[in-house]
Amino acid sequence: MGRVRTEATLPKRKGPVRSDPLGHVWVAAPTVPGFTDSTTWAVLDSLFRPLATVRVPAPLEVLGLGAAHLLGASRDTLGRITIGLYPVIRPARRPETGGR
């Protein structure tokens with residue numbers, strides 16, 4: 001029987017991980033402050049299979065997650081707040097042949 005991985009043996013994850021009401025897991029790609037003007041979020045199903053991506057400006061405070069969007073707020077250098085609704089980009093599905 002294989003060993004069970006514990007928190008001490010799991011790889012460390014840097015960056016935000018969230019979930020939405022549908023049970024999808026949202027994982028933000030790591031960024032380097034000052035060198036990246038955007039962040040890409042990967043949307044995964046409950047088995048951690050990729051479903052979609054969302055690209056947002058960095059830094060962005062996530063206010064809400066939905067099936068088709070990410071709602072976020074950012075602040076410019078003058079302190080003004082911008083609210084944005086960013087679409088979920090799903091890969092095109094291949095047509096099924098169905099063996100007919």
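Reader: Why is aspartate 76 called partly exposed?

Author: Aspartate 76 has a relative accessible area of 31%, and the scale calls a residue buried under 20%, exposed over 50% and partly exposed in between, with a 1.4 Å probe and protein chains only, so aspartate 76 falls in the middle class. The model is predicted, so local features need pLDDT of at least 70 and side-chain atom pairs count only at pLDDT 80 or more, while totals for chains, interfaces and linings use all residues. Residues are numbered from 1 along each chain as its sequence is written, and side-chain values use heavy atoms, with hydrogens and water left out.

Reader: What makes the contact between arginine 80 and aspartate 76 a salt bridge?

Author: The side chains of arginine 80 and aspartate 76 meet at 2.6 Å, N to O, and a salt bridge asks for a side-chain nitrogen of Lys or Arg within 4 Å of a carboxyl oxygen of Asp or Glu, so the pair qualifies. Arginine 80 itself is exposed, because its relative accessible area is 51%.

Reader: How many salt bridges does the whole structure hold, and what is the state of aspartate 45, buried or exposed?

Author: A search of the whole structure finds 2 salt bridges, and one of them links arginine 49 to aspartate 45, whose closest N and O atoms are 2.7 Å apart. Aspartate 45 has a relative accessible area of 11% and is therefore buried, whereas arginine 49, at 48%, is partly exposed.

Reader: How do you know how many strands and helices the chain has?

Author: Helices (H or I, at least four residues) and strands (E, at least two) are DSSP runs numbered from the N terminus, and by that rule the chain has 0 helices and 7 strands. Of its 100 residues, 26% count as buried.

Reader: What makes Leu63, Ile81 and Ile83 a nonpolar patch?

Author: A patch takes residues with over 30% relative accessible area and no salt bridge, joining nonpolar side chains (Val, Leu, Ile, Met, Phe, Trp, Tyr) within 5 Å and like charges within 9 Å. Leu63, Ile81 and Ile83 form such a patch on the surface, with about 290 Å² of accessible area together, an area that comes from the Shrake-Rupley method with a 1.4 Å probe, where for residues only the protein chains shown count as cover. Isoleucine 81, which is found in strand 7 (residues 81-87), is exposed because its relative accessibility is 52%.

Reader: What makes the peptide bond between alanine 58 and proline 59 worth a look, and where does proline 59 lie?

Author: The bond joining alanine 58 and proline 59 is cis, with omega about -10°, and proline 59 lies in the loop between strand 4 and strand 5 (61-65). Ala58 and Pro59 are also among the residues nearest the centre of the largest pocket, together with Thr31, Thr39 and Leu60.

Reader: What does the lining of the largest pocket contain, by class?

Author: The lining has 13 nonpolar, 5 polar and 2 charged residues, and strand 3 (38-44) and strand 4 (50-57) are the elements that give two or more residues to it.

Reader: Why is phenylalanine 48 called exposed?

Author: Phenylalanine 48 is called exposed because its relative accessible area is 55%. Phenylalanine 48 lies in the loop between strand 3 and strand 4, and its phi is near 65°, a positive value in a residue other than glycine.

Methods: On a 1 Å grid over the protein atoms alone, a cavity is a set of points where a 1.4 Å probe fits but cannot get out, and a pocket is an open set with protein on both sides within 12 Å along at least five of seven lines; lining residues have an atom within 4 Å of a point. Ala, Val, Leu, Ile, Met, Phe, Trp, Tyr, Cys and Pro count as nonpolar, Asp, Glu, Lys and Arg as charged, and the others, Gly among them, as polar.
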